[in-house]
Amino acid sequence: MDATSLRAANAALRSTSPLVHCLTNTVVQTITANALLAVGAAPAMVDEPAEAGEFAAVASAVLVNVGTVHQRTAEAMRVAARAAGQAGTPWVLDPVAVGGLTFRTGLAVDLVGMSPTVVRGNASEVLALAGAGKGGRGVESVDGPEEALEAAGELARRTGAVVAVSGPVDVVTDGHRVVRVGGGSVLLTRTTGAGCALGGLVAAYVAAAGDALTGTVAAHAHVALAAEAAAATAAGPGTFAALWLDALDAVDGDALTRAQVSW
Amino acid sequence: MDATSLRAANAALRSTSPLVHCLTNTVVQTITANALLAVGAAPAMVDEPAEAGEFAAVASAVLVNVGTVHQRTAEAMRVAARAAGQAGTPWVLDPVAVGGLTFRTGLAVDLVGMSPTVVRGNASEVLALAGAGKGGRGVESVDGPEEALEAAGELARRTGAVVAVSGPVDVVTDGHRVVRVGGGSVLLTRTTGAGCALGGLVAAYVAAAGDALTGTVAAHAHVALAAEAAAATAAGPGTFAALWLDALDAVDGDALTRAQVSW
Amino acid sequence: MDATSLRAANAALRSTSPLVHCLTNTVVQTITANALLAVGAAPAMVDEPAEAGEFAAVASAVLVNVGTVHQRTAEAMRVAARAAGQAGTPWVLDPVAVGGLTFRTGLAVDLVGMSPTVVRGNASEVLALAGAGKGGRGVESVDGPEEALEAAGELARRTGAVVAVSGPVDVVTDGHRVVRVGGGSVLLTRTTGAGCALGGLVAAYVAAAGDALTGTVAAHAHVALAAEAAAATAAGPGTFAALWLDALDAVDGDALTRAQVSW
């Protein structure tokens, strides 16, 4: 696995346009859908329990993000995760604010037990999910990715998932290999939903690449490169968000090979 | 009916500022509200069943979009559609992803039986609603508007609704006349909610114009002209979304008379 | 209290980065979160009743906005308001469209009885909440702030809350003093959620300033200054929204001292 695998993952994404079923929080649905459209995927949000399993079974990938979860959407997430598992469809768990809040922490523990393909979060969330921390402050992390590396590796080995920890330098591991993705921009942390949209891109890339580690790294590299390009011309966090979507559209497979990835 | 009727519809919209009650999916609420504000209408989203009928009865028009519908909002939609019908208020049905998912398809069939003023969707959705297709892939259409023309005409004659099918060239029919609207931009399909916002504009224009066919055509022409203007300067899908709202604001009645409309 | 207190409030906001728990309507969650991030606060949206009290108890401030309230979120709002009260945490009530709709009006009356720190709305909403009006048309006000001044003062004295009435010139009162904030831009009224985001900024500033009147005035001045800056270069309502976020980020304590505030 090297930089050329990222080019291949991007080519697969652009040619297959994976349908990503997103069960995600209501704050970030729009930017998640727009980010998926920008990279060439097809988003759809369906979170009625009566439909979630039916739709997950036909989607290319599923994203489960517990940011604004409540009783109904928790049930839809369980249904969708089960259907994805039965269909062999890759699915991504984003454990937003897990650790600090009881209801979602219980749900996330259950979901982790249902064999997600990828777990993507910040360091505090991954530490909490691995049973090694007490969670951050809402969506903010009080720890850095390197502090969560050991817990991420254990979580990966225990669950079989690829675990990605976002930060100034992202860490991605399958429990054996560790890949780091640098670059990006601090403006990503000042745009609500950029991290959550990354979860959607991980789902799309994993479906396209057919390999969870490659797809997860490709998504992180794509987001980081686009953020660098957008930050170069943005006048602040508002214009950054629009320019980041433009840049997600513009990043191609060749660009991905030049991302700051340490294999 | 000709191009001057579009100018009159726009003048009526700007002078009456219709209040559009939107029961729509959570992914597109923001862009729908902003698009309505941009053209001079007043949006309001109310989807608690205990309030939906009360509000629909005082609104100028109602939009029902089933994109992220669930049990509660389905009930609110039934209540609002009933109240709109009793008050003689025009209402628009957008059957997002109908055909492929059981729960919403049943709901949409019920809603179609409640005499919507306009049905607006993509070809796959209209084919499914007319009983002639099996639905698309989430919000994407696998068919083109011309393939849905016959089904649209039948649906219009059976229900009394104007039926609009979105695509590269939009088709609008009342079951007798067929009007086509060209122009626009492919970037509309890369901006989540542009089609759903169009549904809101149809509601606003129909309320203002007092004629469902004229109002529906005017809304489609307005959206297409704004998309062309935005695409001319956008650097990608992110900047396009903001520029499209600017252009929705800028398009006036004179511009509408120059839209690519084939009566 | 004078202009220098606004500089101090901004310094406190930037240095403490208050965590604002937002129970707000789904149309405006994104712009509210982005506006909070732009001024240096940390937003989080949690509206499951099982979590709302737990989270309100650890947040720096709470925003309760009833724009798209329904049974579940109404319960979460009651729980969060109660928890904020018990913890001595400041909380802001935004009574969107109260007066015209029965369900939310009953809820808002209950919430007002739970001692909000600040009530922020348009004139029609404040008149309705004070029992002196019948509400506006959805989120639009049919009255001006000065017409609501007496009612705002009475509401403030009765409840102990600071009451802010938005309009071309905003009026803020604690029932004894009246402060007016001018400036701003009409484009704020053409951007969905700008007023609701202001409610979030009021929560953040009140938490940081430690004084409800100062914090509320500072938030209004910050929003108005940013709107003026954005309007100077915006080409329409779409670009305005992005530029307004940029400007929220750029406004600093020195700028605040030059806002159009009449103490």
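In this predicted model, chain A and chain C bury about 2100 Å² between them, with carbon and sulfur atoms giving 52% of that area. The contact brings together 25 residues of chain A and 26 residues of chain C. Two salt bridges are counted between chain A and chain C. Polar contacts link 14 residue pairs between chain A and chain C, both residues of each pair being at pLDDT 80 or more. On the side of chain A that touches chain C, the elements that give two or more residues are helix 5 (102-112) and helix 10 (237-250) of chain A. By class, this side of chain A holds 14 polar, seven nonpolar and four charged residues.

Turning to chain B and chain A, the buried area is about 2100 Å², and carbon and sulfur atoms account for 53% of it. Here chain B contributes 25 residues to the contact and chain A contributes 26 residues. Across this interface of chain B and chain A there are two salt bridges. The side chains of B:R190 and A:D249 come together in a salt bridge, at 3.0 Å from N to O. The interface of chain B and chain A also has 14 residue pairs in polar contact, again with both residues at pLDDT 80 or more. Helix 5 (102-112) and helix 10 (237-250) of chain B are the elements that supply two or more residues to the side of chain B touching chain A. That side of chain B comprises seven nonpolar, 14 polar and four charged residues.

Technical notes: Residues numbered from 1 in each chain as written. Chains lettered and ligands numbered in written order. Predicted model: local features only at pLDDT ≥ 70, side-chain atom pairs only at ≥ 80, totals over all residues. Heavy atoms only, no water. Contact = heavy atoms within 4.5 Å. Buried area = accessible area lost by both parts, 1.4 Å probe. Salt bridge = Lys/Arg side-chain N within 4 Å of Asp/Glu carboxyl O. Polar contact = N/O pair within 3.5 Å; in protein donor to acceptor, adjacent residues only side chain to side chain. Helix = DSSP H or I, 4+ residues; strand = E, 2+ residues; numbered from the N terminus. Nonpolar A, V, L, I, M, F, W, Y, C, P; charged D, E, K, R; others polar.
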